[in-house]
Amino acid sequence: MTGKVSDLQTVYPFGGGATSGDPRAKDKTIVGGKGANLAEMADIGLPVPPGFTITTEECVRYLNEGGEFPAELRRAVGEAVGHIERSVGKRFGDANDPLLVSVRSGARVSMPGMMDTVLNLGLNDETVEGLAKTSGDARFAWDSYRRFIQMYSDVVLGLDHGLFEEALEIAKEDKGYYADTEMEAEDWQALVAEYRRIAEGELGRPFPQTVTEQLWGAIAAVFDSWDSDRAKVYRRLNDIPAGWGTAVNVQAMVFGNMGDTSATGVAFTRDPATGERAYYGEWLVNAQGEDVVAGIRTPQYLTRTARDRAGAKPLSMEEAMPDAYGELARVFDLLEGHYRDMQDIEFTVERGKLWMLQTRTGKRTAKAALKMAVDMAGEGLIDEKTAILRIDPMALDQLLHPTLDPEAPRDVLTTGLPASPGAASGRIVLDADTAETWAGRGEKVILVRVETSPEDIHGMHAAQGILTARGGMTSHAAVVARGMGRCCVSGASAVSIDLKARTLRIAGRDLAEGDVLTLDGSTGQVMAGEVATIEPELAGDFGTLMEWADRHRRMGVRTNAETPVDCRMAVSFGAEGIGLCRTEHMFFDASRISAVRQMILAEDEAGRRKALALLLPEQRADFAEIFCTMAGRPCTIRLLDPPLHEFLPQGDAEFEELAEATGFGADHLKRRAAELHEFNPMLGHRGCRLGITYPEIYEMQARAIFEAACDVAADGEAPVPEVMIPLVSSKRELELMRALVDRTAEAVFTERSARIDYLVGTMIELPRAALMAGEIAEEATFFSFGTNDLTQTTLGVSRDDAGRFLGAYVDKGVFARDPFVSIDIDGVGELVEIAVERGRGTRSDIKLGICGEHGGDPASIAFCEKVGLDYVSASPYRVPIARLAAAQAALRAGAGDA
Ligand code: PEP
Ligand code: MG
């Protein structure tokens, strides 16, 4: 960085002819996403109300310095307010013709619903009269003032908004009104007086009347909200660093609530749920922006087609305000062409004139993201590489899961809005905390709320799906659910909830918390009970994008799988082989566990061999099935690596059962199990230590592998087994195990008069193995990085116990992310790099892969690309994610040219 931070501009004006050559004025990291796009829209000549942005750096400084505003910032903001005043020809706080502003947050990336907004700021007992005069509409002026008090009290002063809503309800009731629109100027005026009484009663001081005090209060509230609990939750869920801070945007107000020629709305340049190339949005006549998003009034459709499709009565904007709509459509095209991506737009029409309040790259479902990327590449708006880079690999997960079987019977209770696609069944929960608690104990839950708010984020995350009684397609519930990939049905007005009784009624049917409900987020249907599902269709846009990704990736993608079902699924998802077949998982089956326990608890080699003889045919059959399924693709089979405690019998019943199967007394078996007890099973008698001490176990497994391979080769395509030895830390261990495998292979080949190609390699999953990789490579033709154990042993953090404290470690910034989810590049990553370098130093063509859970994590995959691994291996559902992430990593590294 050149110069001190204090030399840099802290406030950037936009609109009203403001220009700035300073690249920081449009840099999202400095002025936030909203600020950068407002400046950009103003620059390309779109109608943007003038305003200014206070930088994210000032937010960070404010939070670090305990909530102080430096004199320099106060001066810069004063000047910027002057810019707005000059542009619109009104003065802030002028009793005759006041300038009013909005104050909004705007972080580097959009955080929907997370940060706070204040509208109509600058109104007080005097300026409200001026506004009434200049607008010629006293009702509008007093309505605006009461909205301001309500919002400011909630967002800035932290008062309970329920108090104000209650007062409004009482005022309406007293007058016998049903809707807000029936309120007259004097009704609003009386309500303002009531609001001020409430605020003063709660605060112990009057509601602020000085407009600059109002402004600084709002700026402080935006900055403070960066550190609010709900913002922290959102950041944690979305990996947003706490150090980014938010910018503040202060902008001249334009009014959508100035009568029937005014309106406000939100729109997308393409359909965010399906990706269809059609303008999509909602608007409200005579309303302010928050009315649309808050779901208080049910919004109208933007286009005539959408209204027709929904069979809705109220006119679309296209029909009701053709001129403003025409202008809006022109702006849509301009913005999409400019940003080369689907835009999410907020606009206001003030007495027939269109104003743009925001544009940003729109959030979309995975399905829509794929369709838009493929379509836009077809339209020539973007190229194939951009299309690949545009899809969040993790979002593909939404498409890989089952949808409702169209043939299955459905007991449809009601139909709401199809706010976020996918299907989900689960038990009804009525609040976010219950959702989290029930989900925590393994229950699938559906969160049912009147409407959601940012306080519900943790519950939405814990739930399989979300159902709301109120709110449109752009309500908080809809936007957040789409972002999270949760299915959501919103605005199901037939749902009424009794929170006290923990019951609900849907279109006349009574239900209670705990009852099972199914949601179809693609049609909006809400169904009683569970509905059968079917596997997803992976052709179409999905197939096209995957093809493009495969063209651009360098690394191979394999799967971690040990059952034929998983193998088949992984192959259908594009797996090119098995990167890890955990053979101990093949023993979990109830029919085998007894023989395994017999083997573990045997007193001597003879006892073990007896049990192994029972397991051999089963293992052979398993391997033969896997080889057939994988049809000649490479299969890495890892020899037994069980922490023994996972297999020992638990409780009297299991011991009794085993006693019966083995003929040993239960007491004898219990004594033997006690002898085998380990304090640290993860660091105990597992991995190749088992093969070194009891070679007959690995010998049986190697025999099963080679016999199966010979059998399958005799019938068709020869498999390519890659025998992998776990938990190696020295060359000698591998030397011993490799000799055992080679010896067994030779014996089988002689018996069968056949020969097949195979490899012997090792996992690198202990720090010592990484460091000794040069020597170990003398014995190994491949390495597979077992980053689960490598993380556990490098960090000294138990895989099984980390849950208790890792959350706090991530919250407090010790780890940027859970190191078991995303590889610790600095520590574990360095060991991987060392092993790659030393392994290749010994054996230049050594095959290198990764099979820890990190093999399905996009950030870790990018790291694997960087260090030059040959392939990644991921669980079946992660295979498409890995294919796309590998392509993106190659493209970003400049190596993905087809
Ligand atoms: C690993 O340790 O990363 C690994 C893949 O093996 P497991 O998870 O079976 O210990
Ligand atoms: Mg391991």
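Is Arg502 buried, partly exposed or exposed? Arg502 is partly exposed, with a relative accessible area of 26%. Here buried means under 20% relative accessible area, exposed means over 50%, and partly exposed is in between (1.4 Å probe, protein chains only).

The legends below concern a predicted model, in which local features need pLDDT of at least 70, side-chain atom pairs count only at pLDDT 80 or more, and totals for chains, interfaces and linings use all residues. Residues are numbered from 1 along each chain as its sequence is written, chains are lettered from A and ligands numbered from 1 in the order in which they are written, and side-chain values use heavy atoms, with hydrogens and water left out.

View 1. Arg502 is not a glycine, yet its phi is positive, at about 55°. Arg502 sits in the loop between strand E20 (495–498) and strand E21 (503–506). Helices (H or I, at least four residues) and strands (E, at least two) are DSSP runs, numbered from the N terminus. Ala507, also a residue other than glycine, has a positive phi near 45°. The loop between E21 and strand E22 (509–512) holds Ala507. With a relative accessible area of 47%, Ala507 is partly exposed.

**View 2. Ser425 and its polar contact with Thr518.** Ser425 belongs to strand E16, which covers residues 423–429. Ser425 is buried because its relative accessible area is 15%. Its side chain makes a polar contact of 2.7 Å with the side chain of Thr518. A polar contact is a pair of N or O atoms within 3.5 Å; within protein, one must be able to donate a hydrogen and the other to accept it, and residues adjacent in sequence count only if both atoms are side-chain atoms.

**View 3. The salt bridge of Lys172 and Asp180.** The count of salt bridges in the model is 72, where a salt bridge is a side-chain nitrogen of Lys or Arg within 4 Å of a carboxyl oxygen of Asp or Glu. One of them joins the side chains of Lys172 and Asp180, at 2.6 Å from N to O. Lys172 is buried, at 7% relative accessibility, whereas Asp180 is partly exposed at 27%.

**View 4. The salt bridge of Asp239 and Arg817.** The closest N and O atoms of this salt bridge between Asp239 and Arg817 are 3.3 Å apart. Asp239 lies in the loop between helix H9 (229–238) and strand E7 (246–252), and Arg817 in the loop between helix H32 (803–811) and helix H33 (828–842), so the pair ties together parts that are 578 residues apart in sequence. Asp239 is partly exposed, with a relative accessible area of 42%. Arg817 is partly exposed as well, at 28% relative accessibility.

**View 5. The salt bridge of Arg441 and Glu443.** The side chains of Arg441 and Glu443 form a salt bridge of 3.7 Å, N to O. Arg441 counts as exposed, at 52% relative accessibility. Glu443 counts as partly exposed, at 22%.

**View 6. A network of salt bridges.** Salt bridges link Glu584, Arg638, Asp641, Arg686, Asp789 and Arg799 in a network.

View 7. Patches are made of residues with over 30% relative accessible area and no salt bridge: like charges are joined within 9 Å, and nonpolar side chains (Val, Leu, Ile, Met, Phe, Trp, Tyr) within 5 Å. Accessible areas come from the Shrake-Rupley method with a 1.4 Å probe; for residues, only the protein chains shown count as cover. Asp154, Asp160, Glu165, Glu166 and Glu202 make up a surface patch of negative charge. Lys and Arg count as positive and Asp and Glu as negative, while His and the chain ends are not counted. The place of a charge is taken as NZ of Lys, CZ of Arg, CG of Asp or CD of Glu. Phe805, Tyr809 and Val814 form a nonpolar surface patch, with about 260 Å² of accessible area together. Tyr809 lies in helix H32 and is partly exposed, at 37% relative accessibility.

**View 8. Phe542 and Lys367.** Helix H20 (residues 540–552) contains Phe542, which is buried at 7% relative accessibility. The C-alpha atoms of Phe542 and Lys367 are 8.2 Å apart in space, and the two are 175 residues apart in sequence.
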